[in-house]
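This report describes one protein chain as seen in its model. Please consult the sequence and the structure shown here while reading.

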Amino acid sequence: MKPGALLLSVVAFLILAGGAVMVATNLPRGIRNNNPGNIKELRGDSTLWQGERATDDDAVMEEFNTMADGIRALGKVLLNYQKVHGLNTVRGIIGRWAPTSENNTGAYVAAVAGKLGVTPDQPIEVRLYLQKLVKAICEHENGAAVVALHVKQADIAAGVARALA
């Protein structure tokens, strides 16, 4: 999603007579699906994530019962990037997560590295950075303002703890 479009798709407030507030929402797909990392469904993959919704209303993206379930799945993917694929830098992780065919990967890498306080090519232990890494990805995918409003810190902590278990 383009950064400038994020605020347009977040929340529009209309203040009515008497001070009442009406809220109209058009939330990003990752928030609607409780999948703030925007994990794609893989064709032909019958694997069911822990906490995956029984109904499949979105043919492209995974859908989860709770935000913590979606965050757990994101955490598991990121841990496997290091464990299975040997990726231990922000550039390597984000390069796989958000390929240049679909994203401005350079900007994504810079944003995430900045939020983690590391350089793009600095080796990291994913387990030690997982909470910050998950939050940075969620913010980049959905917009920091949207995440602040719709993804509770408790859900991030719970999802990450379950991913690490």
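Leaving aside its neighbours within four places in sequence, with which residues is Gln-50 in contact?

## Gln-50 and its surroundings

Gln-50 is in contact with Phe-64, Asp-69, Arg-72 and Arg-162, once neighbours within four places in sequence are set aside. The structure is a predicted model, and this residue is placed in the loop between helix 2 and helix 3. Between Gln-50 and Phe-64 there are 14 positions in sequence, and their C-alpha atoms are 8.4 Å apart.

Is Gln-50 buried, partly exposed or exposed? Its relative accessibility is 44%, so Gln-50 counts as partly exposed, the class that lies between the limits of 20% and 50%.

## Overall organisation and confidence

The chain contains 8 helices and 2 strands. Read from the N terminus, the order of the elements is α-β-β-α-α-α-α-α-α-α. Of the 165 residues in the chain, 41% are buried. Among contacts with a separation of 6 or more, 55% are between residues 24 or more positions apart.

The mean pLDDT of the chain is 88, and 85% of the residues reach 70 or more. Over residues 1–18, however, the pLDDT is below 50, although the model gives this stretch 32 contacts beyond near neighbours in sequence. The pLDDT is also under 50 over residues 20–24, a stretch with 14 contacts beyond four places in sequence. Where pLDDT is low, the predicted coordinates should not be read in detail.

## Other residues of the loop between helix 2 and helix 3

Arg-53 also has its place in the loop between helix 2 and helix 3. Beyond four places in sequence, Arg-53 is in contact with Arg-32, Asn-33, Asn-34, Glu-63, Phe-64 and Asn-65. Phe-64 is likewise listed among the contacts of Gln-50. The C-alpha atoms of Arg-53 and Glu-63 are 5.7 Å apart, with the two residues 10 positions apart in sequence. With a relative accessibility of 21%, Arg-53 counts as partly exposed, because the limit for a buried residue is under 20%.

Asn-34, one of the contacts of Arg-53, is found in the loop between helix 2 and helix 3. Its phi is near 55 degrees, a positive value in a residue other than glycine. Asn-38 is found in that loop too, and the phi of Asn-38 is near 60 degrees, again positive in a residue other than glycine. Most residues other than glycine have a negative phi. Asn-34 has a relative accessibility of 15% and therefore counts as buried; Asn-38, at 16%, counts as buried as well.

## The largest pocket

Which residues lie nearest the centre of the largest pocket? They are Gly-37, Asn-38, Lys-40, Trp-97 and Glu-141, out of a lining of 34 residues. Two or more lining residues come from each of helix 1 (3–6), helix 2 (29–32), helix 3 (67–83), helix 4 (90–97), helix 5 (105–116) and helix 6 (126–142). Helix 1 (3–6) falls in the stretch of residues 1–18, where the pLDDT is below 50.

Helix 6 bends by about 40 degrees at Lys-132. The buried residues of helix 6 are Val-126, Leu-130, Leu-133, Val-134, Ala-136, Ile-137, Cys-138, Glu-139, Glu-141 and Asn-142. Of these, Glu-141 is also one of the residues nearest the centre of the largest pocket. Just after helix 6 comes Gly-143, with a positive phi of about 100 degrees.

Pro-123 lies in the loop between helix 5 and helix 6. Its relative accessible area is 57%, so Pro-123 is exposed, the limit for that class being over 50%. Which residues does Pro-123 contact, leaving aside its neighbours within four places in sequence? The contacts are with Asn-88 and Thr-89. Thr-89 is 34 residues away from Pro-123 in sequence, yet their C-alpha atoms are 4.8 Å apart in space.

Conventions
Residues are numbered from 1 along each chain as its sequence is written. This is a predicted model: local features need pLDDT of at least 70, side-chain atom pairs count only at pLDDT 80 or more; totals for chains, interfaces and linings use all residues. Side-chain values use heavy atoms; hydrogens and water are left out. On a 1 Å grid over the protein atoms alone, a cavity is a set of points where a 1.4 Å probe fits but cannot get out, and a pocket is an open set with protein on both sides within 12 Å along at least five of seven lines; lining residues have an atom within 4 Å of a point. Helices (H or I, at least four residues) and strands (E, at least two) are DSSP runs, numbered from the N terminus. The bend at a residue is the angle between axes fitted to the seven residues ending there and the seven starting there. Buried means under 20% relative accessible area, exposed over 50%, partly exposed in between (1.4 Å probe, protein chains only). pLDDT is the predictor's confidence in each residue, from 0 to 100. Contact means heavy atoms within 4.5 Å.
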